Amino acid sequence: MSQTSFESQATSDGTIQIADIPIPEFDESKLVYHQLCQADTFDERKGKPFHVDGTHLAVFRYGNKYYAVDNRCPHMGYPMSEGSVRDGVLICHWHHWEFDLKTGGCFLTFGDDLKAFPVELRDDGYLYVGIDQGEREAAKRRVIDRGKRALIQGLKDSSSFLIAKAIAALTDAGADPKEIIQQGLYYGTNKTGDGWSSGVTILTIAANMWDDVDPKDHNLFLVHALTQIGRRTSGSSRRQRFPFPRSKEKHDLKTLKRWFRHYVDLRDRGAAERILITLHDRGYSREIIADFVFTAATDFYFTGDGHALDFANKTFEGLDYVDWEGAHEILRPIVIDLVTRTRHEETSRWADSIPILEDIFLRLDRIWELNQSNQVSLDISEFAQTMLGDSFEPIVAEIEEKLCQGVSPTDICRAMTYASAIRTVRFHLKNEGDWHDVANIYSYAHSLYRAFHLAPSKELMRGLFHGAVFLTYLRWLNMPAARIPKPEQCLDETFSSPEKMLDRLQEFADFQKVFDAEILVNQYINEGHDITQLKHTIAHIMLREDAELHMFQVLEVAFRHFDLSTNAEEKRIHLLAATRYITAQKLMKGILWSTENAERLQRGELLSEREDDN
Ligand code: FES
């Protein structure tokens, strides 16, 4: 009769189900015995760690017999060789999970079992452990399954450390990062009553920037994103929504788009969500779905300080990354951003600009028609200076004129992104509380650039004017303007190697020597050193802190536009913007420590051996 055990399983939608898991038969014929050590070197009930053929073991002598188990506690990886044995029960000293020493069976109802291995004491006085030929693969499967369950639990408990443990176990077992990102995106969008949140945004940025960060920091990046997702979700699924019933009668897209905009305008989340998932259900392209969302995001003035458009862009980047798997749920949160966030026509700050923009928007059809039938290039740097003017009226007039001449909207977006980078490097430290404003326009301008690539439209052009006005509202943040290092400026200090420069950069960041850090980055660029290493270091400086959403956004935009530009000064300013923004924030290092501890445990090291002074 085959035996079964009941085991909790995480399904792709992030819920936990109870499933029958067959208990594999013990098969002596597949075992290969490896010599361990002389048997008389053991103390009664005291464990010893071994690493044999890729397998971590904890071996015990108990009652004159010998027992071997996996050295990593299935709970959180504590070394079982440090545990103690009482009455045949092996106890992990961290959270006191208890296991049958002989079989590895866990006494905790939902605890995972510990893998046990047969041990033989042979005539030569040595111990031999039997390891299945397929143990490596089996161990990998155990760790991946356990890691996925632990990840769901970490997200539910909103625990950085549980999440870090799960990530360390999953990556150590060779799990595909794409699978982890997909699980996080699905969980983060399905288990929230809020809009597209900072967690899923950071996770999408992690996917986008995978090659921009040192592989050593990949786990840390994922832990940041998933920790934010844990904090932004409740663990319970949203109310279900379904597409309209299928029928012989078909709606035309014009009607659906009109309805979508109407219900967003009425802040009717349910109706708008239903139209969006109906579009997806009927197989309309990503460009059409994106056009609906981008149009609704720009129907109002700078919705949510630009976050609605920004998150809309991240929604589509995330969907593309997971090949639109689970799109039905991933699409829904953006509707909440469209219906709940501040519309700036409802605020007094924008009262002076709205009549001017409304007048321009009456001419949208003509502007779009001229734009599409002409083609003129734009000097990005020069137009960025125009956009940094104090008064929005001449700026929006200039944008209209450029569009009519046939300047590509994406070039205007690039100029706006560059102007935002200049706003950031000129941001004076005494404005401390307003950092998010410069991050918002920097990220918004980049999102608009991306949106024009995906679904260009005359409606989306309104976003250019919204962004331009907001940029002028931020001019006060550059008064007084912070100094920007001169292009040739260097530190009064010599370095024996580029690596030493990057070490110094991290020290400057530790002590928030913002201007010194900028000059050093300047010097590094001037001396022509490897930019990949510089990017890794700037990213690491951010990832080792408990960074919040805006820091991730700034980093991504700075790196992307550094890559996009061929102009040395623009490139320099984008990297200085990232350096300034990231080194100026005062933060803690909780997520770094959780991830480092999890990785140490995964390697079978003791936390008590940690040397914090190093
Ligand atoms: S009980 Fe072993 S790590 Fe928690």
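So, the protein has 24 helices and 12 strands, where helices are DSSP runs (H or I) of at least four residues and strands are E runs of at least two, both numbered from the N terminus. Keep in mind that this is a predicted model: local features need pLDDT of at least 70, side-chain atom pairs count only at pLDDT 80 or more, and totals for chains, interfaces and linings use all residues. Residues are numbered from 1 along each chain as its sequence is written.

The C-alpha trace spans about 95 × 75 × 35 Å along its principal axes. Of the 614 residues, 46% count as buried. Buried here is 20 or more other C-beta atoms within 10 Å of a residue's own, exposed is 12 or fewer, and partly exposed is in between, with the C-beta atoms placed from the backbone. As for contacts with a separation of 6 or more, 72% of them join residues 24 or more positions apart; a contact is two C-beta atoms, placed from the backbone, within 7 Å.

Now the inside. In general, nonpolar side chains in soluble globular proteins tend to be buried together. A nonpolar core is a set of buried Ala, Val, Leu, Ile, Met, Phe, Trp, Tyr and Cys residues joined through C-beta atoms within 7 Å. The largest one has 169 residues, and Leu276, Met387, Ala468, Val554, Leu555 and Ala558 touch the most other members. Which helix gives the most to this core? That's helix 17, residues 435-454, with 11 residues.

Let's zoom in on Ala558. Not counting residues up to four places away in sequence, Ala558 touches Ala421, His574, Leu575, Ala577 and Ala578.

Helix 23 covers residues 568-583. Because 13 of its 16 residues are buried, helix 23 is largely enclosed by the rest of the structure. Its length checks out too: at 1.5 Å a residue, taken times one less than the number of residues, helix 23 should span 22 Å, and its end C-alpha atoms are 22 Å apart, which agrees.

Leu331 is buried, with 23 other C-beta atoms within 10 Å.

Next, a helix pair. The axes of helix 8 (residues 286-298) and helix 9 (residues 307-321) come within 9 Å and cross at roughly 170°. That makes helix 8 roughly antiparallel to helix 9, a label for angles over 145 degrees. Among the residues meeting there are Val293 and Phe294 from helix 8, and Leu309 and Phe316 from helix 9. The contact's residues divide into eight nonpolar, one polar and one charged.

Where does Asp323 sit? In the loop between helix 9 and helix 10. Asp323 has a positive phi of about 55° although it is not a glycine, and Asp323 is exposed, with 10 other C-beta atoms within 10 Å. Gln512, in the loop between helix 19 and helix 20, has a positive phi near 50°. Gln512 is partly exposed, with 13 other C-beta atoms within 10 Å. Finally, a cis peptide bond joins Met479 and Pro480, with omega about -5°; Pro480 is in the loop between helix 18 and helix 19.

How values were computed
Axes are lines fitted to C-alpha atoms, for helices over the stretch in contact, and angles run from 0 to 180 degrees between N-to-C directions. Angles under 35 degrees count as roughly parallel, over 145 as roughly antiparallel, 65 to 115 as roughly perpendicular and the rest as oblique. Ala, Val, Leu, Ile, Met, Phe, Trp, Tyr, Cys and Pro count as nonpolar, Asp, Glu, Lys and Arg as charged, and the others, Gly among them, as polar.
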